[in-house]
Amino acid sequence: MDQDRARSLLIAERDEVQRLLKETETAGQADRVAEVESEAEDNADAALALTEEGEDDAIAESMRDRLEPIERALHRLDTGTYGKSIRSGEPIPDERLEADPAAELTISEARAAERA
């Protein structure tokens, strides 16, 4: 894959994930405030706010987890190792990189890692 195309895809995805993370963190903060405010009024409202807070926290954690491989891929672009498996050094097909620009393994390596 062309390095400029890869960088463009990675930066666009990073920006989108960061935007979603910020929105989720803001929603989680609002849920925490709602939980505190509703505790004094109604336990059902507090429980709902607590549930929503947990969901927001889980989504935020997922977004943070997604940022890590994107940042590693950008680093690999800078060091000239982008597009190669971090495990074997084998080239990662362009089709895979188009689908997931932050891919770190070939398809067969990723499948084997999932089974393990």
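This report describes the fold, the nonpolar core and the salt bridges of a predicted model.

## Overall fold

The chain has 116 residues. Its secondary structure consists of four helices and zero strands, and the order of elements from the N terminus is α-α-α-α. Helix 1 covers residues 3–39 and helix 2 covers residues 43–79. Helix 3 spans 94–99, and helix 4 spans 107–115.

Among contacts with a sequence separation of 6 or more, 56% are between residues 24 or more positions apart.

## Surface and burial

Of the residues in the chain, 31% count as buried. The accessible surface of the chain is about 7,300 Å². Carbon and sulfur atoms account for 51% of that surface.

## Nonpolar core

The largest nonpolar core contains 17 residues. Within this core, the residues with the most contacts are L10, I70, L77, Y82 and L97. Helix 1 and helix 2 each contribute at least two residues to the core. Helix 2 gives the largest share, with seven residues.

Apart from neighbours within four places in sequence, I70 is in contact with L10, E13, R14, V17 and A102. One of these partners, L10, is also listed among the core residues with the most contacts.

Side chains of opposite charge can pair when their charged atoms come close. In the whole structure, a search finds 12 salt bridges.

One of the salt bridges joins the side chains of R64 and E25, with an N to O distance of 2.9 Å. R64 belongs to helix 2 and E25 to helix 1, so this pair ties together parts of the chain that are 39 residues apart in sequence. R64 is partly exposed, at 33% relative accessibility. E25 is partly exposed too, with a relative accessible area of 36%.

## Salt bridges to E104

E104 forms a salt bridge with R72, at 2.6 Å from N to O. Because R72 lies in helix 2 and E104 in the loop between helix 3 and helix 4, the pair ties together parts that are 32 residues apart in sequence. R72 is partly exposed, with a relative accessible area of 39%. E104 has a relative accessibility of 16%, so E104 counts as buried, the limit being under 20%.

R76 also forms a salt bridge with E104, and here the closest N and O atoms are 3.4 Å apart. This pair again links distant parts of the chain: R76 is in helix 2, E104 is in the loop between helix 3 and helix 4, and 28 residues separate them. R76 is buried, at 7% relative accessibility.

## The loop between helix 2 and helix 3

G89 is located in the loop between helix 2 and helix 3. At 37% relative accessibility, G89 counts as partly exposed. G89 and L105 are 16 residues apart along the chain, and their C-alpha atoms are separated by 8.9 Å.

Notes:
Residues numbered from 1 in each chain as written. Predicted model: local features only at pLDDT ≥ 70, side-chain atom pairs only at ≥ 80, totals over all residues. Heavy atoms only, no water. Salt bridge = Lys/Arg side-chain N within 4 Å of Asp/Glu carboxyl O. Buried < 20%, exposed > 50% of the residue type's maximum accessible area, 1.4 Å probe, protein only. Contact = heavy atoms within 4.5 Å. Areas by Shrake-Rupley, 256 points an atom, 1.4 Å probe, with all protein chains shown as cover. Core = buried A, V, L, I, M, F, W, Y, C linked by side-chain atoms within 4.5 Å.
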